[in-house]
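Please view the sequence and the model first, and then read the points below.

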Amino acid sequence: MPKDSGIGASSKRREDVRFLTGAGNYTDDINVHGQAYVHFLRSDIAHGRIKSIDTSTAEAMPGVVKVFTGKDFEGVGGMPCGWEVTDKHGAPMQEPPHPILAQGKVRHVGDPIAAVVADSLEQARDAAEAIDLDIEELPAVIDMKAAAQDGATLVHDDLKNNICYDWQLGETDDAKVDEVFANAAHVTTLDLVNNRLVANPMEPRVAVGEYKRGTDEYTLYTTSQNPHVIRLLMCAFVLGLPEHKVRVVAPDVGGGFGTKIFHYAEEAFCTFAAKACGRPVKWTSSRSEAFMSDAHGRDHVSKIELALDADNNFIGLRTNTFANLGAYLSTFSSSVPTWLHGTLMAGNYKTPVIQVNVKAMFTNTVPVDAYRGAGRPEATFQLERVVDKAARELGVDPIALRRQNFVTQFPYDTPVALTYDTGDYNGTMDKLEAAADLAGFAARRTQSEAKGKLRGLGINCYIEACGIAPSNIVGMLGARAGLYDAATVRVNATGSISVMVGAHSHGQGHETAFPQVVADMIGIDESLVEIVHGDTSKIPFGMGTYGSRSLAVCGSAMVKATEKVIEKAKKIAAHLLEASEADIELKDGQFSVAGTDKSVAWGDVTLTAYVPHNFPLEVEPGLEETAFYDPANFTFPAGAYACEVEVDPDTGQVSIEKFTAADDFGNIINPMIVDGQVHGGIGQGIGQALLENCAYDANGQLLSASYMDYAMPRADDVPFYGVDHSSQTPCTHNPLGVKGCGEAGAIGSPPAVVNAVLDALNSGGKAVDHIDMPMSPSRVWSAMNS
Amino acid sequence: MYSFDFEKPSTIADAVAALGAEDAQALGGGQTLIPTLKQRLAAPSKLVSMSGIAEMQGVCAEDDGSVSIGGATTHATVALDTAATYPALAALAGQIGDPAVRNRGTIGGSVANNDPAACYPAGVLGSGATIVTNARQIAADAFFEGMFTTALDEGEIITSIRFPVPQAASYQKFLQPASRFALVGVYLARFADGVRVAVTGASEDGVFRWSEAEEALDKEFRPDALMGLRINPANMIADLHGSKEYRAHLVSVMTKRAIEACM
Ligand SMILES: Cc1cc2nc3c(=O)[nH]c(=O)nc-3n(C[C@H](O)[C@H](O)[C@H](O)COP(=O)(O)OP(=O)(O)OC[C@H]3O[C@@H](n4cnc5c(N)ncnc54)[C@H](O)[C@@H]3O)c2cc1C
């Protein structure tokens with residue numbers, strides 16, 4: 001029986017009422033009295049040396065308040081990177097400065113050179129056109145392999161080369177890896193590209209900076225997934241401000257997908273400029289600006305090799321990846337191709353020897369950082385493509401080959417630094433086979449062929465490390481922050497509850513799902529519980545929302561705080577009931593004395609907490625508790641996906657006919673929200689596989705700089721999904737037994753789509769063993785006809 | 001955008017007068033022009049809206065059997081109001097953009113703009129339509145002069161377009177995945193006196209007639225009449241979305257589908 005409230009119920013998303021009726025409060029809806037507007041003059045070339053910037057004409061233009069250039073920020077810190085990666089020789093990564101406005105050089109199309117603050121945006125734009133720039137164009141560094149060559153043009157003149165780090169994980173002894181491959185019965189090799197993506201949240205980034213002279217206080221309203229992280233980074237590393245004087249508010253945020261995790265120059269600029277101009281300063285990104293200033297995602301070029309023994313057991317895996325970091329290190333960029341990618345190369349398989357090699361490159365392109373899945377999709381894509389290719393080469397069933405190599409004993413220590421706590425990959429695959437009706441595929445293929453279409457089936461497994469992350473472990477790996485989270489449960493006198501959470505909701509449905517947990521623990525109606533998030537002045541602390549961590553980490557903090565609240569409430573109830581605290585039970589919002597019919601309601605206890613006329617002397621009045629929670633391990637959601645496509649052999653057009661996901665997310669709080677998260681993730685994965693392509697030309701011009709050329713998936717590009725979450729192995733180390741579901745769809749789907757297309761082509765007699773994403777009609781047709 | 005003056009005349013004569021000002025420009029539905037202005041890629045002194053001119057609105061069936069469409073008629077209106085009289089053209093209009101674009105964008109604006117990937121130019125050229133302006137009548141064959149260029153003079157307004165109605169016609173559009181304009185679009189019209197095949201999206205020179213296909217189809221109107229016929233890829237467009245060879249190939253595929261749809 002599905003529940004109708006509390007944990008496990010598909011409660012309707014209460015926040016959608018305001019989103020769908022136009023009553024949301026997004027950052028661009030915030031207008032502060034007296035605000036001025038900033039327009040950033042951005043580089044239209046990829047690489048150049050700034051000879052001079054003359055702003056004198058611009059400064060005299062109507063409405064102009066102030067014009068800023070890199071010079072104005074010489075005494076100010078640059079944009080920091082939150083993760084120091086150590087290379088394979090033990091040296092720290094090369095970490096070039098990242099100024100708020102360009103200093104000395106411009107390094108990508110979109111790099112901000114100057115900022116004009118004016119009474120209106122149009123005046124700011126007019127003035128920006130009057131800025132006289134003398135920039136000597138330099139050769140653009142675009143191709144990663146060329147960038148790694150000795151003598152390549154340097155993106156950063158002060159670095160020894162364009163390689164941020166040359167990193168390795170797993171087996172360090174090359175000879176041992178060589179030996180495994182030399183002794184293999186079969187080796188499958190694949191060169192592939194994980195295409196660069198632009199996250200494109202529906203709401204572009206916005207920042208409004210405000211400064212109050214009277215109290216020396218700053219407020220920054222910003223489109224962020226993690227306001228406390230922004231405050232910490234901006235105060236401690238960029239502007240040198242004390243945190244208690246700075247409030248960061250991230251109100252309703254219209255999608256993030258990772259790209260709103262990072263601390264951006266525009267945020268620091270608006271905060272700084274508000275004081276410098278004596279007026280609030282607002283910036284709203286245009287969509288065109290977003291394409292060249294939001295951190296991009298993915299962009300790996302890899303070679304992967306899989307060694308199998310004569311019985312088709314995986315015996316060795318080696319990868320060599322070039323990862324594009326773009327022109328500067330964005331906040332978490334360095335961790336993505338390393339600890340969020342290399343650690344996942346074991347996948348669902350018990351491969352004993354794994355070596356992951358990653359060269360992270362500086363290029364004259366927009367910085368690249370985490371995008372839904374962050375590193376884990378790149379790992380999954382390589383692994384699941386090479387496994388599929390191996391199955392085809394060996395002529396074995398791709399599901400059987402996977403099953404044969406699955407990890408089946410838990411906990412499992414991988415050769416790439418992780419310990420999987422729990423999972424049931426065969427069980428999940430069983431669910432997939434049933435839910436996707438794989439037995440009926442042959443008949444469906446016959447039907448497609450009758451219409452002149454090629455039909456293919458693609459299978460994919462994935463594992464991800466979520467619930468990011470145990471602070472002690474990430475600290476050892478180079479993180480410059482802890483990755484715990486916090487919650488305050490504030491019970492009001494009449495029994496309603498505000499929960500101040502460090503997680504930020506920007507589409508995930510926290511405002512619905514989090515109250516389900518608290519209400520369930522106490523046994524009261526969900527409507528009595530509300531969460532508060534997105535404002536550093538209201539919430540205790542929080543590392544924010546990314547890495548499928550909100551419920552697993554912040555939710556755990558919330559559970560612990562609620563437990564503390566219940567413990568205290570029981571003391572009060574015991575006093576009221578004149579019973580021993582040990583005998584008090586809480587059920588359905590009633591405290592009762594075990595074995596008696598004496599009870600007192602939740603509301604009476606909370607009222608007593610705030611009107612303590614009859615109160616235990618040793619207990620403090622009030623009912624509010626805070627908890628911080630640092631996870632003991634990552635969580636490991638895993639799943640198996642099946643994609644069926646039809647390919648039009650005349651045009652190469654691919655259509656997704658059926659997509660089924662079987663995921664193991666452990667326990668589930670709100671099945672409807674989980675379905676929605678999976679749907680959205682798969683949609684983005686299909687986008688990556690078939691449509692989305694952020695492409696630069698050799699001069700570093702962005703070819704796909706608008707929706708005219710950057711193809712976002714539309715409703716008719718995706719099918720109705722089949723989603724099965726009945727395979728559940730609860731996480732063993734957090735109180736809710738939850739694993740996280742936000743990224744799974746985007747991680748698990750691209751290889752399934754590619755595998756399906758290749759299956760279709762091969763079924764039509766075309767021996768195609770790889771097509772790079774996005775598999776546009778043109779690329780599919782070319783592959784079929786080459 | 002830069003600032004500009006705005007006028008909304010109610011007659012063609014007033015519009016022509018208003019367009020006499022230096023750097024004045026006609027505004028149709030604004031679906032191309034407004035984004036251009038927002039990006040500051042154009043700086044007209046004045047926009048003269050076509051939307052208040054009653055004589056440029058709507059679809060009417062002429063006595064000679066042709067269909068005449070006012071230059072300021074929206075795509076949505078054409079999709080609805082030619083559905084009975086000229087269904088292939090209605091289908092073309094109904095495939096342009098999304099509902100918002102179709103309810104603002106106009107046939108005159110689209111044809112005057114002559115985007116190499118736009119749909120209407122194929123419909124106009126494929127139908128052998130006549131472009132009627134405030135000053136003259138221009139045959140489709142003489143109107144389209146290459147990407148974004150037409151025979152229109154400065155300040156000249158497309159007041160209507162007259163389409164002879166063929167015995168059968170079909171527009172086959174292969175979508176560019178991002179913009180959903182035509183990666184290749186083929187408009188095929190079969191008249192008593194011959195077949196016309198117009199191709200959009202494919203060529204560096206904008207919309208063009210595929211005369212070899214027309215000749216072959218004049219001889220025998222069936223899908224495999226095109227067997228062995230290939231468009232030369234040399235001056236096809238190559239971009240992120242397709243190579244020259246791919247576009248040349250799609251021209252054949254879409255033409256074949258158009259023939260099948262007309263059988
Ligand atoms: C999201 C989107 C999707 C689209 N998809 C498609 C598609 O799939 N296929 C397609 O063909 N098009 C597509 N378009 C373009 C659309 O059809 C436009 O409406 C059309 O290109 C221009 O028409 P308009 O009336 O909006 O003209 P405007 O933008 O107002 O003007 C365009 C040009 O024509 C001139 N002009 C306007 N009216 C006249 C007139 N009566 N006489 C002379 N000159 C005139 C203007 O001065 C300007 O130079 C799309 C547009 C958008 C925004």
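Over all chains, the structure holds 57 salt bridges. The model is predicted.

**A salt bridge between chains**

- B:Arg40 and A:Glu122 form a salt bridge, in which the closest N and O atoms are 2.8 Å apart.
- This pair joins two chains, because B:Arg40 lies in the loop between α2 (33-38) and β3 (46-49) of chain B, while A:Glu122 lies in helix α3 (residues 121-129) of chain A.

**The two domains of chain B**

- The domain assignment divides chain B into domain 1 (5-163) and domain 2 (168-262).
- Taken over C-alpha atoms, the centres of domain 1 and domain 2 of chain B are separated by 23 Å.
- Contact between the domains of chain B involves 23 residues of domain 1 and 21 residues of domain 2.
- The size of an interface is often given as the accessible area lost when the parts come together.
- For domain 1 and domain 2 of chain B, the area buried between them is about 1,700 Å², with 60% of it on carbon and sulfur atoms.

**Links between the domains, and the domain 1 side**

- Two salt bridges are counted between domain 1 and domain 2 of chain B.
- A salt bridge also brings together the side chains of B:Arg209 and B:Asp141, at 3.1 Å from N to O.
- Between domain 1 and domain 2 of chain B, 10 residue pairs are in polar contact, with both residues at pLDDT 80 or more.
- On the side of domain 1 of chain B that touches domain 2, the elements that give two or more residues are α4 (87-94) and α7 (120-127) of chain B.
- Of the elements on that side of domain 1, α7(B) gives the most, with six residues.
- By class, the side of domain 1 of chain B that touches domain 2 has 14 nonpolar, seven polar and two charged residues.

**An open sheet in chain A**

- Strands of a sheet pair through backbone hydrogen bonds, either parallel or antiparallel.
- In chain A, three strands form an open sheet in the order β4-β2-β6, and their pairing is antiparallel.
- β4 (105-106) and β6 (132-137) of chain A stand at the edges with a single partner strand each, so one side of each has no neighbour in the sheet.
- Two bridges pair strand β2 (residues 48-54) of chain A with β4(A) in the antiparallel sense.
- A:Gly48 stands opposite A:Val106, which is in β4(A).

Definitions and conventions. Residues numbered from 1 in each chain as written. Chains lettered and ligands numbered in written order. Predicted model: local features only at pLDDT ≥ 70, side-chain atom pairs only at ≥ 80, totals over all residues. Heavy atoms only, no water. Pairing = 2+ DSSP bridges. Helix = DSSP H or I, 4+ residues; strand = E, 2+ residues; numbered from the N terminus. Domains from an automatic or database assignment. Contact = heavy atoms within 4.5 Å. Buried area = accessible area lost by both parts, 1.4 Å probe. Salt bridge = Lys/Arg side-chain N within 4 Å of Asp/Glu carboxyl O. Polar contact = N/O pair within 3.5 Å; in protein donor to acceptor, adjacent residues only side chain to side chain. Nonpolar A, V, L, I, M, F, W, Y, C, P; charged D, E, K, R; others polar.
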